[in-house]
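User: Could you walk me through this model? I'd like to start with the strands and then move on to the core and the rings.

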Amino acid sequence: MKVLYKTQATATGGRTGSSATYDGALKVDLVTPKELGGPGGTGNNPEQLFAVGYSACFLGAVKFVASQQKIKVSEDSTVTADVGIGPRDDGAGFGLDVALTISLPGIERAVAEDLVARAHVVCPYSHATRGNLDVRLTVA
């Protein structure tokens, strides 16, 4: 694979700590949610960051596949990622639960469903998770 872009981030303190990109463009305070035994409060967690990244990347993939078919995607289009975490059924660690809801206003449902299916092949987040977790896709 020819890498076109690369970034780097460093986390300190684990789920309750901080993380930042090497260039300083993104800095986040991390806090473990109360539901996972942490203090909760102000800050973000890895699941939130994954949801933000996956939703943005998937919408980019939708726009990419739409452009290949000369289909205009409205600026009002959205992808909402619901990301959950919990113990795996095998008892050997934790797993993620992911659902994406895609809204493509002005595009016929059948066309939107086809774009979403194609985007799920193109999106690197979808590719990275394929075979490891069931990502549920819903066209709103």
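**Strands, core and rings**

Analyst: Alanine 11 stands opposite serine 19, a residue of β2, where strands are DSSP runs of E with at least two residues and helices are runs of H or I with at least four, both numbered from the N terminus. This is a predicted model, in which local features need pLDDT of at least 70 and side-chain atom pairs count only at pLDDT 80 or more, while totals for chains, interfaces and linings use all residues. Residues are numbered from 1 along each chain as its sequence is written, and side-chain values use heavy atoms, with hydrogens and water left out.

User: In which sense do β1 and β2 pair, and over how many bridges?

Analyst: Strand β1 (residues 9-12) and strand β2 (residues 17-21) pair in the antiparallel sense over four bridges; two strands count as paired if DSSP finds at least two bridges between them. Their hairpin has four residues between the strands, and glycine 13 takes a positive phi near 90° there.

User: OK, the core now. Which residues touch the most other members of the largest nonpolar core?

Analyst: Those are Tyr54, Phe58, Leu100, Ile102 and Leu104, in a core of 24 residues. Such a core is a set of buried Ala, Val, Leu, Ile, Met, Phe, Trp, Tyr and Cys residues joined through side-chain atoms within 4.5 Å, and buried means under 20% relative accessible area, exposed over 50% and partly exposed in between (1.4 Å probe, protein chains only).

User: And which element gives the largest share of this core?

Analyst: Helix α1 does, with nine residues.

User: What does phenylalanine 58 contact, leaving aside neighbours within four places in sequence?

Analyst: With contact taken as heavy atoms within 4.5 Å, its partners include Val79, Leu100, Ile102, Val116 and Leu137.

User: Which residues do ring pairs link into a cluster?

Analyst: Phe50, Tyr54, Phe58 and Tyr125; rings of Phe, Tyr and Trp (its six-membered ring) pair if their centres lie within 6.5 Å, and planes under 30 degrees apart count as stacked, over 60 as edge-to-face and the rest as tilted. Tyrosine 54 and tyrosine 125 are stacked, at 5.4 Å centre to centre and 25° between the planes.

User: Is tyrosine 54 buried or exposed?

Analyst: Tyrosine 54 is buried, with a relative accessible area of 0%, whereas tyrosine 125 is partly exposed at 30%.
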